[in-house]
Amino acid sequence: MAKPPQPLDVGRTEFRRVEMYKDRWASRDNDSGILALSDDKLSPSQLQRYDLFKDYDEEFLERISPDVSVAKWRKGSIFFEEGAYLDLAFFIVQGEVEFFVSALSERSRLSMPIFDDSRTRISEGPEPFRLATPVAAASERVVLPSQLRKPESSRSITFLSSIDIVSLPAGGEGFKLRPGEIFGEIGAMSGWPQSVTARAATECELVQIRMPALRLMKNESKAFKERLDRVYRKRALAVQLKNTPLLQDCDESFIQELTREVELVSCKPDEIVTREGGPVDALYLVRSGFLKLSQRLEEGQIVVSYLSKGMTFGEAELLLDEIRGWTCTASSVEYTELIRISRDKFNKLVNNYPAIKRQLWGAAVARIKETGANRKYVNRSEFIQTALEKGLVQGNSILVIDLETCTRCDDCVRGCADTHGGLPRFVREGDKYENLLITKACYHCRDPVCLVGCPTGAIHRAGVGAVVEIEDNICIGCQACARNCPYDAIVMHEIGEIWPEDMIPEGLRGKVRLLASKCDLCYKTNHGPACVNNCPHGCAIRVGSLEEFQGLLAKHE
Amino acid sequence: MAKKKPSFLKNWVESPSWFRAFLIGVALCAAAFLANIALSEVRPYNAWGLTYGTLAAVLMAIVALYGLRRRTTNVALKLRLGRAQPWLQFHLYAGALCLLLTLMHSGFHVPKGILTWWLWVLSIWVTASGLFGALLQRWIPTILASGLGNEVLYERIPDLITEIKDKAKTLAETCADPVWDFYKKNLARALEAPQPRLIYYVDVTGGIQGRMKQFDYLRRLLSPEERDKLNKLEALYKTKLEIDAHFTLQRTLRGWLYLHVPVSLVLLVLVAFHIFTILYY
């Protein structure tokens, strides 16, 4: 017979909740350096005291307030480190914040939010994480955890929005921001790791905004969007454009010109950017997110390609006079940021730089070939469509099982359960694609929508790394994350406890406690993901990119 | 012309490097045995024979650790004892070498003593059942992956069948007489419980397609509304047949362990007793 739910120890719960609530606003687990933190929830009137929130009405502020806090940090505190995934942006109210970067060569490794080639070694004991200081930075390079290192083969890719503040000399003196400035927002919005280390140069008071609120604020207020864009243009755009393979040969003055004139476009999921047949007026460069390219075929639309960070769209249409309109309909798969280079600027670019023109021709030919092939062979198109629909492009670490070798022994599930106190964090069920089973295990998405709407911040990116985890102690079982997850990877468990009578929010008092549970890649253990480790036939595989997924399919052809 | 991949290695050998190591082991055993024949008598109790026996016993003990690892996953992971895959490969190939050493120990003769006879027979049984299981594990997953639309958890099969049965019954009760009669005569019993069938071993989809044909004639006679209901019944029946295929094949994947594991445990106990008697007497 099941044990009846037991009332919780009131003091213990409250203590834990306060402690964990504090951690939620710091990217570092130990000794966060927070001196004081605002109450659980700031009221709209409290928020309106800050210049940042003046444009918003009370109803809106009420909505975002669970995702906003004000914290006082002691001098020398680290807000985030180079390579950290953070879902927070910071607005400086008082004090100064300084930033450092390591050597440029090291920095180029930061952008890939996937784990190293073996994937299962992501938690082989924490590697020492030395901090770059202004004095030491010139001689000592920041040592990054192995999971953040980008595979050699991918280094040529430039991930634009991974670089937050890039106008710093490598390993040189720190760069300082003062009251009224915002930082960390590019990393928070794009879901990519920070490229700098941020530290309190003095005692600081900061307004801290979590990604869901930041996104809502950007959508709600044009002025705020323009403010973020201005900051982005000022701090990052020029260097990012210069680091794009397409524009790396351009001279400084042209880049500056582009920086002033390009348009920054933000798209919500499923927003149409260009319509097939519509007038071609610009070249688009993807800053973050994904674009889906589709074409009309018979009575329907066929997906012919997709674009990810660093890729361009429109080169074929702009270079070939014979093409009168867009050859594809481009729509955003998720929240996507684009850079729009107008036709005039594009013409100037290709006229001034023949090498770029050649490069664009290459890209145009490749795109035409690809779209043609995908139209002709519908199964290729089907794969892209499936990959976009099932979120395969989103996942940093998707657990797939090769059904041709899987003996259904469930050792993967057993390994997971044994590592997590008897409750497995995934089900060996899910969608099938050819011989591969895409399990209902957390994908650790590049843009984790499960984070949106969590009232306590229990679900968050775990410190440095792409792992999305749920902190049991502050999860109130509201199910928001489980509802938001498009892949059914979060399940709710009853844990045999009843919420105490002093519980906040009041609505939970006396109710049975639910707990959200999902895969955490076993990152707190000294072994890799137990599912992969414990599979006796090597058919449980972690996949971090579409290319890897295709590689697995190709093995069986 | 593209080089053809060796199909045996591809289809039946999970890890070619372990297979190669096994072949080297077999070659070393063969060389040792030939040297034994050339230099001395083949007997269990001389230095050669005792060496084979000792090696077989040690290897058997190590091979048995795989079962322990499976049952203490948490400890194995915490102690970082390595991935399960190489453990299983070692279990397989070292287990086979174990039998070879046992046979060498007995001089490839059937022993005359009761205990040694049982040891000899059980060694062959355990290795043969293990080999049988390994073959099943290579063969059945390819059948399961080849033509079934659904992937089903074995433990959930009873619940799924109950769900399908209830849904089908509820739907059939709303149908006109011909469909209701068809349901009672052809479907009700078939949906009652999982039904293992041998045909799934040969062709995982063939049986299903054949059974779906019984719906075709009736469909032609029905109104569009009744046809729609029949289609839904057909879909439920098809899912049930797929579950039957999973039930049949997954049960076999689990069932063979009963041929292997209990006998292995008996063998281990008898080997321990055999060693004790030799040392004691």
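Modeller: A polar contact here is a pair of N or O atoms within 3.5 Å, where, within protein, one must be able to donate a hydrogen and the other to accept it. Please keep in mind that this is a predicted model.

Biologist: How many residue pairs are in polar contact between chain B and chain A?

Modeller: The interface brings 29 residues of chain B into contact with 31 residues of chain A. Counting pairs in which both residues have pLDDT 80 or more, the number in polar contact between chain B and chain A is 13.

Biologist: Which element gives the largest share of the side of chain B that touches chain A?

Modeller: The elements that give two or more residues to that side are helices H3, H4, H5, H6 and H12 of chain B. The largest share, 6 residues, comes from H6(B).

Biologist: Which residue of chain A forms a salt bridge with Arg70(B)?

Modeller: Across the interface of chain B and chain A, 4 salt bridges are found. In the one formed by Arg70(B), the closest N and O atoms are 2.7 Å apart, and the partner is Asp411(A).

Biologist: Which helix of chain B holds Trp12(B), a member of the nonpolar surface patch?

Modeller: Trp12(B) forms this patch with Leu131(B), Leu135(B) and Trp139(B), and together they have about 400 Å² of accessible area. H6(B) gives the largest share of the patch, 3 residues. Trp12(B) itself lies within residues 7–12 of chain B, which form helix H1.

Technical notes
Residues numbered from 1 in each chain as written. Chains lettered and ligands numbered in written order. Predicted model: local features only at pLDDT ≥ 70, side-chain atom pairs only at ≥ 80, totals over all residues. Heavy atoms only, no water. Contact = heavy atoms within 4.5 Å. Salt bridge = Lys/Arg side-chain N within 4 Å of Asp/Glu carboxyl O. Polar contact = N/O pair within 3.5 Å; in protein donor to acceptor, adjacent residues only side chain to side chain. Helix = DSSP H or I, 4+ residues; strand = E, 2+ residues; numbered from the N terminus. Patch = residues over 30% accessible without salt bridge, like charges linked within 9 Å, V, L, I, M, F, W, Y side chains within 5 Å. Areas by Shrake-Rupley, 256 points an atom, 1.4 Å probe, with all protein chains shown as cover.
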